[in-house]
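Hi,

Here is the structure I promised to pass on.

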Amino acid sequence: MASAHDVAAYILERKGRMTAMKLQKLVYYSQVWSVVWEERPLFPEQIQAWANGPVVRELYERHRGQFEVSDWPAGSSTRLTDEDRAVIDDVLEFYGDKSAQWLSDLTHREQPWLLARRGLPDGVRGEHEITLDSIEEYYSSLPA
C-alpha cells in the first residue's frame, strides 16, 4: 500500500506548487474517493479533523511552517498503482482547480469532519480521527 506521502508527491507532480492546506484537502479527497470507488484506502495514515479541515499529521510534520509546497521528497509516485493514479486523477479533475479555502469550507459542511469535531468549539485544534467508516458511510450515500 502506498503512503500519504506518495499521494502528496503525485498530486504535486500533476498540479505543481500549491498551498499546504490545498494539498492536505486533495490528499483527503483522494482517500475519500478511493474508499468509496475502490472500496479500499489509498494509504494507512490517519486523517484528523483539525480546525481548518482534514489533515494527515504525517504530512503536516513535513510541511509545517511552509505556506506553499512544490515537491514532496518524502514520497514517490512510483509506489502508486494504476488504479491509485486513476482515482487521484479523477479527484484532481474535479477538485484540483478549487481554492484551498473552498476545499476547507466544503469539508466543514460534510458529515465525517463534523462528526469528528463534535463537542469541539470552532477554531479549537482537535486531533480526533475522521474514520474510514464515517467516510464510507457519508460519501457513498451522496447522489452520483
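Predicted model: local features only at pLDDT ≥ 70, side-chain atom pairs only at ≥ 80, totals over all residues.

Residues are numbered from 1 along each chain as its sequence is written, and side-chain values use heavy atoms, with hydrogens and water left out.

Next, the aromatic rings. Rings of Phe, Tyr and Trp (its six-membered ring) pair if their centres lie within 6.5 Å, with planes under 30 degrees apart called stacked, over 60 edge-to-face and the rest tilted. By this rule there are 9 aromatic pairs. Tyr28 and Tyr29 are edge-to-face, because their ring centres are 5.1 Å apart and their planes stand at 65°. Tyr29 is buried, at 0% relative accessibility, and Tyr28 is buried too, at 1% (buried is under 20% relative accessible area, exposed over 50%, partly exposed in between, with a 1.4 Å probe and protein chains only). Tyr138 and Tyr139 also pair edge-to-face, at 4.8 Å centre to centre and 85° between the planes.

Two charges sit over rings (NZ of Lys or CZ of Arg within 6 Å of the ring centre and within 35 degrees of the ring normal). Lys98 lies over the face of Trp102, 5.2 Å from the ring centre, and Arg125 lies over the face of Trp50 at 4.3 Å.

Then the core. A nonpolar core is a set of buried Ala, Val, Leu, Ile, Met, Phe, Trp, Tyr and Cys residues joined through side-chain atoms within 4.5 Å. The largest one has 39 residues, and those with the most contacts inside it are Ile11, Leu23, Val27, Tyr29 and Trp33. The helix α2 gives the most to this core, with 9 residues (helices are DSSP runs of H or I, at least four residues, and strands are runs of E, at least two, numbered from the N terminus).

Best wishes
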